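Keep the selection tool handy, and we will go one stop at a time.

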Amino acid sequence: MIETPGPEADEIAAHQAAARRAGLIARLGGLARRLFSARLDKSAGRIRFIALAMALAYVGIGVKLVSLGVSHDPPQTLRVAADQAVSGARPDLLDRNGEILATDVKTMSVFAEPRRIIDKDEAVELITAVLPDVDAKELRERLGSKKGFVWVKRQVTAKEQEEIFHLGLPGVGFLPENKRVYPNGPIGAHVIGFVDTDNIGIAGMEKYLDQQSLTDPHVPGFVLDPAALKPVKLSLDLKATHALRDELVAGLARFKAKAAAGAILDVTTGEVIALESLPDFDPNDPADFIKDPTRINRLNVGVYEMGSTFKALSLAMALDSGKVTLNSRIDARDSLRYGHFTIHDFHATHRVLTVPEVFTHSSNIGAARLALMVGVEGHQAFLRKMGQLDRLRTELPESAEPLVPKHWGELNTMTIAFGQGLNVAPLQAMMAVAALVNGGEMMTPTFLPRSAADARAASRPVISPQTSESMRYLMRSNATHGSAGFANIPGYYVGGKTGTADKIVNGRYSQDKVFTTFMAIAPSDKPKYLYLVMYDEPQGLPEDGGYHTAAHNAGRTTGNLITRIEPLEGVPPADHFPDQPFPILARLGLGGDADRIGKE
């Protein structure tokens with residue numbers, strides 16, 4: 001039988017518990033009195049005890065601070081992250097004469113290791129006080145991440161680096177990086193291109209370098225000495241490019257045009273000596289290029305109706321086909337009708353024209369009739385052979401597809417013959433004209449140096465030497481007694497062709513907005529350079545009677561260019577005409593009137 005305790009047992013247990021509590025309190029009180037007693041015989045021991053405790057506490061704090069200040073968590077992870085983050089090295093870009101177009105300089109960037117930041121709010125406040133362009137909210141988010149490495153700001157100034165250093169923030173440091181600089185600013189910008197903050201090519205030849213693996217491969221653990229990167233030389237001539245841009249800037253202002261562009265091509269090698277497109281940008285700060293679509297490279301990326309400069313192709317096609325000769329005559333007495341469409345001449349002569357007169361009078365009717373003689377299929381085949389129906393591929397990554405009629409009939413052939421109805425990139429039109437005047441050899445333009453021997457090996461014949469000489473004769477004749485007179489600079493035996501195309505606005509050809517082009521060769525007997533200048537919506541000047549056609553704007557600018565560029569390239573003005581500029585034609589009894597001055 002189990003007995004249940006009574007009230008007397010509970011009372012006894014309560015008294016025992018109270019006695020135990022009283023004893024414990026008494027013992028604790030005694031310990032406290034002994035610890036804080038002021039008796040002299042015990043004070044030395046207490047002092048030693050307290051001093052030892054405080055010393056141990058300070059040692060612990062110091063060890064932690066030293067650990068935070070000198071250790072990496074883990075060091076190999078940080079090194080890999082840094083290798084992946086810092087910008088790689090790039091080779092210098094040089095012009096054809098060795099002048100620097102783009103180069104790397106060393107700069108410092110600020111990084112942080114979030115796991116080592118003790119007080120992130122304080123760090124953000126101190127850093128943004130020194131670097132006010134750093135967004136505080138974004139920085140706080142980066143410092144609050146679990147990453148071992150984040151950027152604070154790339155490519156800081158020496159003053160900013162010093163101020164950040166003196167903040168003494170654990171977990172904040174500096175890494176040397178490569179920064180790309182362009183000492184000539186906007187000169188040649190569309191060819192050179194630019195890089196991003198990581199030194200990776202975004203456009204132009206900078207992007208080409210990356211595509212060809214000519215830069216630091218930037219593989220973690222792969223260390224490349226920047227000095228080992230061989231400089232890359234371009235075909236550009238810095239002096240010529242500067243002169244081209246200078247003349248285009250002046251022309252843009254003078255003729256109040258929306259845009260301007262120009263290029264110089266060596267017809268014997270296909271090298272692009274200079275190329276400019278306005279408005280342009282400064283590759284040191286390419287934000288304008290990225291945000292503004294009007295700053296495109298109009299020579300490569302834009303496609304346009306090239307106007308009467310295309311008549312050079314039409315006449316070369318007709319001559320090379322054997323359908324006509326320079327002695328042939330073309331009826332231009334009346335407008336040419338096709339269904340509901342009528343083709344007329346801007347300066348109509350209302351008479352029968354010789355083939356050279358079709359060129360010097362820039363007859364739309366004559367060019368259309370010549371193209372019809374060859375036929376639609378023959379016309380298409382010739383333009384394809386001349387590289388006008390396919391995208392032009394060069395080293396520049398940027399290019400554009402020509403706008404070709406989907407249903408190409410006789411009317412298309414008639415209008416394309418005088419430069420309407422087919423939109424091409426101006427550089428590919430230059431490529432075709434270069435082949436017309438260099439003896440008939442088609443060669444793809446290049447932005448890298450190319451020797452004459454290499455150019456010949458890579459070229460292909462597209463027209464006969466006689467047709468090529470005929471085109472040189474026609475271009476020279478147009479400079480002396482045609483529409484290219486403004487570019488007929490004494491001493492350089494210039495030949496040229498104008499082109500004025502009405503712009504399409506809201507699906508219809510505008511009556512007052514034009515796109516003008518001018519192509520010139522020098523010298524006409526043995527061309528070295530082909531010049532192109534073009535303007536978008538130039539305005540007529542009072543001294544020109546308000547005319548805004550190509551001769552009055554693009555032609556004038558081209559004349560100024562020839563005056564400046566030829567001496568820069570070591571070509572002084574000649575004091576007399578060549579004795580026999582067109583020998584093949586001379587044997588046929590032709591070409592003797594090329595230097596006749598004055599209009600018909």
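What volume does the largest pocket have? In this predicted model, the volume of the largest pocket comes to about 1600 Å³.

**Stop one: the pocket centre.** Select Phe346, Asn364, Gln420, Thr500 and Asp502, the residues that lie nearest the centre of the largest pocket. They belong to a lining of 48 residues.

Which of them gives the most? That is β18, with 6 residues. If you colour the lining by class, expect 28 polar, 14 nonpolar and 6 charged residues.

**Stop three: a helix pair.** Select its residues 410-417 together with helix α13, residues 364-374. The two helices pack with their axes 7 Å apart, at an angle of about 130°, which makes α13 oblique to α15. Looking at the handedness, you will find that α13 and α15 cross in a right-handed way.

**Stop four: the contact itself.** Show side chains for Ala367, Ala368, Ala371 and Leu372 on the α13 side. Facing them from α15 are Glu410, Thr413, Met414 and Ala417. By class, this contact of α13 with α15 has 6 nonpolar residues, 1 polar and 1 charged.

Technical notes. Residues are numbered from 1 along each chain as its sequence is written. This is a predicted model: local features need pLDDT of at least 70, side-chain atom pairs count only at pLDDT 80 or more; totals for chains, interfaces and linings use all residues. Side-chain values use heavy atoms; hydrogens and water are left out. Axes are lines fitted to C-alpha atoms, for helices over the stretch in contact, and angles run from 0 to 180 degrees between N-to-C directions. Helices (H or I, at least four residues) and strands (E, at least two) are DSSP runs, numbered from the N terminus. Angles under 35 degrees count as roughly parallel, over 145 as roughly antiparallel, 65 to 115 as roughly perpendicular and the rest as oblique. A crossing is left-handed if the near helix is turned anticlockwise from the far one by less than a right angle, and right-handed if clockwise. Contact means heavy atoms within 4.5 Å. Ala, Val, Leu, Ile, Met, Phe, Trp, Tyr, Cys and Pro count as nonpolar, Asp, Glu, Lys and Arg as charged, and the others, Gly among them, as polar. On a 1 Å grid over the protein atoms alone, a cavity is a set of points where a 1.4 Å probe fits but cannot get out, and a pocket is an open set with protein on both sides within 12 Å along at least five of seven lines; lining residues have an atom within 4 Å of a point. Grid points are joined across faces, edges and corners, and a volume is the space filled by probe spheres set on the points.
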